[in-house]
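Open the model in your viewer and keep the selection tool at hand. Each stop below says what to pick and what is there.

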Amino acid sequence: MTDEANQEPDDRFPWPDEVEIPDDCAGWEEMYPRYFRFGQGAERSELERDRFWFWDQKDSPKPLRPWDITLCVESITMQLSQAQSRVFAVPPAMGIDLRIIAGYSYASPVPCTDPELLEERKAVFSERSEYVYENFEELYEDEWLPAVKDIGQEIRDLDVPEQLPEYAPEDVVYDAQGLYPGAVDIQSEYNRLQELTLRGWQRHFEYLNLVYLAYLSFKETCDDLFPDISDDAIGKMVTGLETDLFLADAVLNDLARQAMELGGDVPEILTSAGTPDEKMARLEETEAGREFLKAFEDVKDPWFHITVSRGYHSADGSWLDTLEQPFDHLEEKVTALQEGTDIGRDIEALQDEREEIVAEYRSYLNESERARFDQAHELVLTVYNHAEDHQFWIENWLHTIIFQKLDEFGQLLVNHGFLEEPRDITLFGRTEVPELLADLARVWSQGHGAQTPAYWKEDAADRKRILEAAEEWSPPPAIGEPPEEVTDPMVIMLWGITTETVQNWLGTAGDEDGSEMNGFASSSGTVEGPARVITSGSELTAVERDEILVAPLTNPDWTPVLSKIAGAVTDNGGATSHTAIVCREYGVPAVTGVGTATTQLETGDRIRVNGTEGTVEVLEKAEQH
């Protein structure tokens, strides 16, 4: 490691103890487990200084609540690392380590550098990965998806009372049940929720690394056989796939078309002002409206189990919490149909284009090269759906169910005066909630009129204040000394972090006035138009048709919006990010992994996005219009 005394200030990011955290965030450390905080001992601090840590904006674009750490930092650290290191023994990857600073997560991949261990791991990986690749469709359909659905159903079946009874039921005495078992059962049901949540995340990473490695292998094959091939051309060779993630948008399209077919007041109600409750009440008044509502109700499970923003942030909720998101999307889609605009994606055209591109590139190869290309291409087509499907079934469907069940525990605590709001339960870590439930049992056991402690509400209020202050803060993009070159393929492919990205963060690359930016050429085409800068899913309603979306990243709940924009630019994500995949499917030009787009651009700036070359150019600033 470079000697700190000789280090130029601009050559590195702050060390953990140099990060200037706002005073209003004082006490944030108490919210998170010590093993996810920097420091905690001289030996550990030295190890942390030997590594480069980047802000995981893909998963924590804003501070995570303590319980949400279970779904993000804790599960990623344990389950991703286990999949890489202990299950499949991915040769160069020993997993990933994460730390928390004021609610934001910082990631550092852990490489395998021991030559002997690398050889040992290659043998294990080869045998196990080959089995999964050869049997992937059966494993997914017959094992993986049913297992995930079973976990979701078992969580739904957990029994959480709305309130503990005034007196234990008579059969507690008559059947010798050992006093009231309900007070103990609540603890057991919560412990089972924790276990099922972690088991769900084991399924999340069960095959995911192998899917990304299949894409990476295909990309390396293409780069080797076609040295000048673009990332976009490679991406288009795997477009036109019928993934579950797109079905939520397809379902909305079907509902919009059905509204038009039903006619009457249905289209007018869906495009009118009003809350979802108000619109549903109006729809209930007519036969056509009731038919539409039945169709709407029939698709809510599973297709409206979409988490707002990232699926790790409990405070954002899901489509089902208020129904505002699906109704907003329906308003846009019905309006588009009324104007004669096509909605959805033409999957047959995408598949035809994919086959044309594949045929063209195959024509450049000899027989042995074609065999190599075909093998890599066939594999990625077989497994690549899972790259998006796992997001829907785990980060959206399952997380929605988890948060709904947490709300039941939260409501119980609200009903007994321990919390103000049900979702306040996520302001406490998963190992802290048992203390809440134990305290509830203690107070209830003392009978009517027992004093309910105020400290839980006070702690919740303090933590909300800390998180709100942290959300106003701009944390450093990275911690420590950057490598001379970013070489980890997963970091480049998933997070979109390259050597140039890091240099941009340090201010050592790019044009001085910020009028030109570079990123990944993630979806081809060039478009000019006004920028719409948004930083969270709650701002999606502001996005207008034919604007160019500029965001830190996109998430599955943004998919319907991506079908109406003219272009997309993101700070994070590579050629296999959600933005890249969806934009290619909708034919929307996109540049991802720009690094600083949301800070350099403003809503109203007129910009040019070249998704073929991976460039973004500012043509005119908003204040000059």
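**Before you start**

This is a predicted model: local features need pLDDT of at least 70, side-chain atom pairs count only at pLDDT 80 or more, and totals for chains, interfaces and linings use all residues. Residues are numbered from 1 along each chain as its sequence is written, and side-chain values use heavy atoms, with hydrogens and water left out.

Helices (H or I, at least four residues) and strands (E, at least two) are DSSP runs, numbered from the N terminus. Two strands pair if DSSP finds at least two bridges between them.

**Stop 1: the sheet**

Color the four strands of the open sheet in the order β2-β3-β1-β4. Their pairing is antiparallel. Now select residues 93-101 for β2 and 478-479 for β4. These are the edge strands, and each pairs on one side only.

**Stop 2**

I100 sits opposite S105 of β3. R99 faces Y106 in β3.

**Stop 3: across to β1**

Stay on Y106 and show W55, its bridge partner. Select residues 53-55 to see strand β1, joined to β3 by two bridges. The two strands run antiparallel.

**Stop 4: the helix on the sheet**

Go back to β2. Which strands does helix α2 touch? Select residues 73-87: this helix packs on the sheet and touches β2 and β3 (contact means heavy atoms within 4.5 Å). The direction of α2 makes about 170° with that of β2. Axes are lines fitted to C-alpha atoms, for helices over the stretch in contact, and angles run from 0 to 180 degrees between N-to-C directions.

**Stop 5: a covered helix**

Jump to α23, residues 578-586. How many of its residues are buried (under 20% relative accessible area, exposed being over 50% and partly exposed in between, with a 1.4 Å probe and protein chains only)? Nine of nine are. Among them are H578, C583, R584 and Y586. Just after α23, G587 has a positive phi of about 70°.

**Stop 6: D232**

D232 counts as buried because its relative accessibility is 5%. Leaving out residues up to four places away in sequence, D232 touches A521, S522, S523, S524, R584 and G611.
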